[in-house]
Amino acid sequence: MTGSLEGRVAFITGAARGQGRAHAVRLAREGADIIGLDICEDIASFDYSCATWEELEETAALVAKEGRRMVTGKADVRNPAAVKRVFDDGYAQLGRIDIVIANAGMIRYGTPQDPAQEWQDTLDVILTGAFNTVQASIGKLIEGGNGGSIVLVSSSAGLKGTGSDLPSAQAYTAAKRGLVGYMQVLAQQYAEHSIRVNTIHPTGVVSGMTTNEAMMKMAADPNTNIAAMQNLLPIQILQPEDIANAVAYLVSDEAAFITGTQWALDAGFSVR
């Protein structure tokens, strides 16, 4: 697929690390320039650190090593004006948009401190954040007249929920499942413009969200039902590049007929 995205531009949220960084680097390798944002500050209701500006700059440096440009910006996806500002700046510099990847996501693992706030923040980052991402970019995507691809990053939790009494975990599953409904609406709405919309559903992936002290503490808790979180295949966790490789195909012309689908990138989790 080398060069399959030559001359195109991708807008990626949560681009500083994990899957977002992997998407940026992989699509750059295929010839795409990148508009990438991240929050670059912590959210009080969550119990691990968000990405930093330095990590976002590192992503840009990795994109540059692939010979492509990356316009970066700091924005909380819960803030539509901030998301639009970063997108508009990137569009002004790069001149087009072809691919949108709503990747930003968060979850709280530990004992609830403010259940209502933790529920709301989780929904807002994942579901409202995806809405704000699409709203910021869809006008220019249509205006470009070249079609395009929108990928909403859901989760294996968006296909099959597991039991939890934690409000953030409950909201996480609700939001990731909500992305499926939103995707189906968008796929129908924008098909006439040859804009394809799909969700991807990864199982556990190495990232700041899965490799942190709060996650390790939860996994060690004897009350946590770890068996319900296991993959069918003997793969404990995926690498972000595994997901990026699949997405590089999904946004390419080779997948020009694929829209409205829920792609399980989950090592069999959803059928376990």
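These legends walk through a few views of a predicted model. Residues are numbered from 1 along each chain as its sequence is written, and side-chain values use heavy atoms, with hydrogens and water left out. Local features need pLDDT of at least 70 and side-chain atom pairs count only at pLDDT 80 or more, while totals for chains, interfaces and linings use all residues.

**View 1. The protein's helices and strands.** Here you can pick out 7 helices and 7 strands; these are DSSP runs, H or I of at least four residues for helices and E of at least two for strands, numbered from the N terminus. Along the sequence they come in the pattern β-α-β-α-β-α-β-α-β-α-β-α-α-β.

**View 2. Phe11 meets Phe87.** Their ring centres sit 5.1 Å apart with the planes at 55°, so this pair is tilted. (Rings of Phe, Tyr and Trp, the last by its six-membered ring, pair if their centres lie within 6.5 Å; planes under 30 degrees apart are stacked, over 60 edge-to-face, the rest tilted.) Phe11 belongs to strand S1 (residues 9–13) and Phe87 to helix H3 (residues 80–94), 76 residues apart. Phe11 is buried at 0% relative accessible area, and Phe87 is buried at 0% too; buried means under 20%, exposed over 50%, partly exposed in between, with a 1.4 Å probe and protein chains only. Together with Tyr91, Phe11 and Phe87 form one aromatic cluster.

**View 3. Tyr249 and Trp263, edge-to-face.** This pair has 6.2 Å between centres and 70° between planes. Tyr249 lies in helix H7 (residues 240–250) and Trp263 in strand S7 (residues 262–265). Tyr249 is partly exposed at 25%, as is Trp263 at 29%.
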